[in-house]
Amino acid sequence: MNPIAFLARLGRAALAGLAAVGRAALFALRAFSHMARPPYYPRELLNALLNIGWLSLPVVGLTAVFTGGALALQIYAGGARFNAEAVVPQIVAIGMVRELGPVLVGLMIAARVTSSIAAEIATMKVTEQIDALVTLSTHPMKYLVAPRVLAALITVPVLVGVGDIIGIMGGYAVAVQNLGFNSAAYLKNTVDFLEPLDIISSLVKGAAFGTIAAMMGCYYGMQSGRGAQGVGRATKGSVESAAVLILAANFVLTGVFFSL
């Protein structure tokens, strides 16, 4: 291949990527501005709180409990190689609260909520329901996007907190029932080892991940092409983008809290 043609193709791809990032950033700014200004739609917000928060509890709880139990087994097996089995409570606690809890909840929300939002809004666009909202003098960003992003911002930190607790209790159940740990000592080590900054970092990550998940669902839904293929591409792209951005944001936030 001609080197000039290769560089030109690479440059076009880089510019297209930067343009996509810019469009998503401007979309996010518009969404936040509509969240801050009336009119508000409390019924849409309540529906979003129910769908994103309450209905996500089963998948979050199951993911957290199995992860906590598996983490306890893996740490015990690894610690046994250098006589450090006693660190299981501490590592399970910090692993779930600082890292695994927020990330797994964020990815579950991306899988469940982001895809749902993108498919719903994309279908509304295909069936011209969004055009009908404009005809009725209702701004789509304010009616469709702002309530969902705000609901995710509120509920996902709560889901992360619940997931952290369930994950720690999953590790506790495995450690006490299968690994021979004392129940009271395990809980004491868990409480003594966790610090307020660990909990704060977990909740902040939850808020960031929830915002990313809802924003990507809304963005790809609003940008969807026409037809069933457009809805499918929007749903797939929203989940992929949300998952990658959640992992990237986790790296950035971990670095920020590590430096504190």
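This is a predicted model: local features need pLDDT of at least 70, side-chain atom pairs count only at pLDDT 80 or more; totals for chains, interfaces and linings use all residues.
Local features were taken only where pLDDT was at least 70, and side-chain atom pairs only at pLDDT 80 or more, whereas totals for chains, interfaces and linings use all residues. Residues are numbered from 1 along each chain as its sequence is written, and side-chain values rest on heavy atoms, with hydrogens and water left out.

Secondary-structure elements are DSSP runs numbered from the N terminus (helices: H or I, at least four residues; strands: E, at least two). Burial was assigned by relative accessible area (buried under 20%, exposed over 50%, partly exposed in between; 1.4 Å probe, protein chains only). The buried residues of H1 are Ala24, Phe27, Ala28, Ala31, His34 and Met35. Helix H6 (140–178) and helix H8 (196–222) are among the elements that cover them.

A nonpolar core was defined as a set of buried Ala, Val, Leu, Ile, Met, Phe, Trp, Tyr and Cys residues joined through side-chain atoms within 4.5 Å. The largest such core contains 41 residues, and Phe27 and Val145 have the most contacts inside it. Two or more residues each come from H1, helix H2 (42–52), helix H4 (88–126), helix H5 (129–135), H6, H8 and helix H9 (227–258). The greatest contribution is that of H6, with 10 residues. Apart from neighbours within four places in sequence, Val145 is in contact (heavy atoms within 4.5 Å) with Phe27, Ala31, Pro140, Cys218 and Met222. A second, separate core has 15 residues, including Ala72, Ile75, Ala93 and Met96.

Aromatic pairs were assigned to rings of Phe, Tyr and Trp (its six-membered ring) with centres within 6.5 Å; planes under 30 degrees apart count as stacked, over 60 as edge-to-face and the rest as tilted. Tyr41 and Tyr143 are edge-to-face, at 5.0 Å centre to centre and 85° between the planes. This pair joins distant parts of the chain, with Tyr41 in the loop between H1 and H2 and Tyr143 in helix H6, 102 residues apart. Tyr41 is partly exposed at 23% relative accessibility, as is Tyr143 at 22%. Phe181 and Tyr186 also form an edge-to-face pair, at 6.0 Å and 90°. Phe181 is buried at 17%, and Tyr186 is buried at 1%. Tyr76, Tyr172, Phe181 and Tyr186 make up one aromatic cluster.

Salt bridges (a side-chain nitrogen of Lys or Arg within 4 Å of a carboxyl oxygen of Asp or Glu) number five. Arg148 pairs with Glu44 at 3.9 Å, N to O, linking helix H6 to helix H2 across 104 residues. Arg148 is buried at 9%, and Glu44 is buried at 16%. Glu44, Glu120 and Arg148 are linked in a network of salt bridges. Lys205 and Glu99 form another bridge, their closest N and O atoms being 3.4 Å apart; Lys205 lies in helix H8 and Glu99 in helix H4, 106 residues apart. Lys205 is buried at 2%, whereas Glu99 is partly exposed at 31%. Lys188 bridges to Asp192 at 2.7 Å between the closest N and O atoms. Both residues lie in helix H7 (residues 183–193), four residues apart, about one turn of the helix, and Lys188 is exposed at 53%.
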